[in-house]
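Welcome, and thanks for taking a look at this one. Please have the coordinates open in your viewer while you read.

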Amino acid sequence: MAEDKLAPLRQKIDEIDDRILDLLNERAKVVIEVGLAKAGEKKEFYVPSREQAIYRRLSESNPGPFPAEAIKRVYREIISACLSLEEPMKVAFLGPQATFTHVAAMQQFGLSAGLVPLKSISAVFEEVQRGRAHYGVVPVENSNEGIVSHTLDMFMNSDLKVSAEIQLEISHDLLSRSGRLEDVRKVVSHPQALAQCRRWLEENLPEVPLVDVASTALAAQMATEDESAAAIASEMAASFYGLQVVKAKIADNPNNYTRFLVVGRNTPERSGKDKTSIMFSVKDEPGILYRMLEPFSKRQINLSKIESRPLKSKAWEYIFFLDLEGHLADPLVAEAIGELRQHCQFLKVLGSYPKARS
């Protein structure tokens, strides 16, 4: 009796899937036409603001019961596959594979992009600068551990622009070959991951030595070769390296996010929900901090971050990095940056780009 009820429902699902397939191919044909039009006008084929607008429109108009949070994941892969028809996209990222930066790159560009792991942040910048990759993905800050200073330093001598930002929830799992806690004789991971799980490790593995390695992915690879070792790494690393989960989500602070930047050679168009990043240096004189912030305060422009770094060419002088809400194409933003420039020895706009969806 149950089979009699299931058969027509399964047939209906097959018919719907056939319609979806027809629509996907229809969409792909239109995307190919868009690609040809962009090529004729020499426009960028990857437009982050357009992607964000698609996600936002579909999420807001979704009546259910299809989960709203799944829409972006589904359409990310549809858009990624369609973009590959316009032009094969190559994206460099701070590797190796199965790191959180790899996860962030997949989250932004989908599985149809050519994702290339590189050994350093500087190598990612160089790959994009030389045109060997369309975009690069690098970490810039963690909600618990703070700024990734090397990423900020790279912008000092680079002409690359920030094209997008990615916000990724970081979930640390303890992984090993056997999946048994009693088999763990040492724990290996990146120093940041070990630090973020220190309380759990002290409570559950107090006598087990902790070993620093260059990345969470390298830790996972080491755990595949040593049955006495457990790695702190991502869920993706478990599947990538064939490991078992000893314990999931062992970070001391569950509210742990890392922000990544997508670097490219052009500034994206205005999306309406944007962020602008700038870097600048000022003369050390009385009242300078007030004059730095005043152009934004009086125009009611929200500053989401301000960070200082020592200027390597001069002792006790600093370079400031500032994130503000809005796009350089917004008149008030342009005015505020123009006013700030009058007080600066140096000012550089790193890019205006769509804000990451949290």
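What follows is a short tour of charged pairs, a helix pair, a loop residue and a surface patch. Keep in mind that this is a predicted model.

**Charged pairs**

Let's begin with the salt bridges, of which a search of the whole structure finds 19. Side chains of opposite charge can pair when their charged atoms come close.

| Salt bridge | Closest N to O distance |
|---|---|
| Glu-77 and Arg-76 | 3.4 Å |
| Glu-339 and Arg-299 | 3.0 Å |

Because buried means under 20% relative accessible area, Lys-275 is buried at 11%, and Glu-165 is buried at 6%. Both residues also belong to a network of salt bridges, in which they are linked with Glu-141, Arg-259, Lys-305, Glu-307 and Asp-323.

**A helix pair and its salt bridge**

How do helix 11 and helix 12 run relative to each other, roughly parallel or roughly antiparallel? The axes of helix 11 (residues 288–297) and helix 12 (residues 331–341) come within 8 Å and cross at roughly 160°, which means that helix 11 is roughly antiparallel to helix 12. The crossing is right-handed.

Glu-339 and Arg-299 are buried.

**A buried loop residue**

Now turn to Asn-256, in the loop between strand 10 (244–247) and strand 11 (257–264). Is Asn-256 buried or exposed? With a relative accessible area of 0%, Asn-256 is buried. The C-alpha atom of Asn-256 is 7.5 Å from that of Ser-171, although the two residues are 85 residues apart along the chain.

**A nonpolar surface patch**

The last stop is on the surface, where Ile-16, Ile-20, Leu-21 and Leu-24 form a nonpolar patch with about 310 Å² of accessible area together. One of these residues, Ile-20, lies in helix 1 (residues 2–41). Ile-20 has a relative accessibility of 41%, so this residue counts as partly exposed.

Technical notes
Residues are numbered from 1 along each chain as its sequence is written. This is a predicted model: local features need pLDDT of at least 70, side-chain atom pairs count only at pLDDT 80 or more; totals for chains, interfaces and linings use all residues. Side-chain values use heavy atoms; hydrogens and water are left out. Patches are made of residues with over 30% relative accessible area and no salt bridge: like charges are joined within 9 Å, nonpolar side chains (Val, Leu, Ile, Met, Phe, Trp, Tyr) within 5 Å. Accessible areas come from the Shrake-Rupley method with a 1.4 Å probe; for residues, only the protein chains shown count as cover. A salt bridge is a side-chain nitrogen of Lys or Arg within 4 Å of a carboxyl oxygen of Asp or Glu. Helices (H or I, at least four residues) and strands (E, at least two) are DSSP runs, numbered from the N terminus. Buried means under 20% relative accessible area, exposed over 50%, partly exposed in between (1.4 Å probe, protein chains only). Axes are lines fitted to C-alpha atoms, for helices over the stretch in contact, and angles run from 0 to 180 degrees between N-to-C directions. Angles under 35 degrees count as roughly parallel, over 145 as roughly antiparallel, 65 to 115 as roughly perpendicular and the rest as oblique. A crossing is left-handed if the near helix is turned anticlockwise from the far one by less than a right angle, and right-handed if clockwise.
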